[in-house]
Amino acid sequence: MTPAGHQDTPQNAALASVLENFPEAGARIRELFLQSPDFQSLCEDYRECLANWRHWRQAASEQAPDYLKIYAELLQELEQEVRQSLGPDEA
């Protein structure tokens, strides 16, 4: 998702994770990401939560189901925040 010649950065990874899950709102997401530090932070929170959810989904530990549930709920909350940030036309 990074333009050729540009390094992957945490910001690029955060943007890519939101774009992956909200492809229909790509233009609006890019616009908000460039304009809003708060939206950038939301994207980073989403990326971290998604990474943790994916980790616990594959983990074989006893605690995995509990953590998976926690991160799934948090993902839903963050997805709702992204939708609210996008506005009524994009959500």
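Student: Why is Tyr67 called partly exposed?

Tutor: In this predicted model, Tyr67 has a relative accessible area of 35%, and because the class of partly exposed residues lies between the 20% limit for buried and the 50% limit for exposed, Tyr67 is counted as partly exposed.

Student: What makes Trp56 buried or exposed?

Tutor: The relative accessible area of Trp56 is 17%, and since buried means under 20%, Trp56 is classed as buried.

Student: How do you know that Trp56 and Tyr67 form an aromatic pair, and why is it called stacked?

Tutor: The structure holds two aromatic pairs. In the one formed by Trp56 and Tyr67, the ring centres are 4.5 Å apart and the planes make an angle of 20°; because rings pair when their centres lie within 6.5 Å and count as stacked when the planes are under 30 degrees apart, this pair is stacked.

Student: Which parts does the pair of Trp56 and Tyr67 tie together?

Tutor: Trp56 lies in helix H3 (residues 37-58) and Tyr67 in helix H4 (residues 64-86), so the pair links parts that are eleven residues apart in sequence.

Student: Which residues gather in the patch of negative charge on the surface?

Tutor: The patch is made up of Asp45, Glu48, Glu73, Glu77 and Glu81; H3 and H4 each supply at least two of its residues, with H4 giving the most, namely three.

Student: What makes Glu81 partly exposed?

Tutor: Glu81, whose place is in helix H4, has a relative accessible area of 39%, and because this class runs between 20% and 50%, Glu81 is partly exposed.

How values were computed
Residues are numbered from 1 along each chain as its sequence is written. This is a predicted model: local features need pLDDT of at least 70, side-chain atom pairs count only at pLDDT 80 or more; totals for chains, interfaces and linings use all residues. Side-chain values use heavy atoms; hydrogens and water are left out. Rings of Phe, Tyr and Trp (its six-membered ring) pair if their centres lie within 6.5 Å; planes under 30 degrees apart count as stacked, over 60 as edge-to-face and the rest as tilted. Helices (H or I, at least four residues) and strands (E, at least two) are DSSP runs, numbered from the N terminus. Buried means under 20% relative accessible area, exposed over 50%, partly exposed in between (1.4 Å probe, protein chains only). Patches are made of residues with over 30% relative accessible area and no salt bridge: like charges are joined within 9 Å, nonpolar side chains (Val, Leu, Ile, Met, Phe, Trp, Tyr) within 5 Å. Accessible areas come from the Shrake-Rupley method with a 1.4 Å probe; for residues, only the protein chains shown count as cover. A salt bridge is a side-chain nitrogen of Lys or Arg within 4 Å of a carboxyl oxygen of Asp or Glu. Lys and Arg count as positive and Asp and Glu as negative; His and the chain ends are not counted. The place of a charge is taken as NZ of Lys, CZ of Arg, CG of Asp or CD of Glu.
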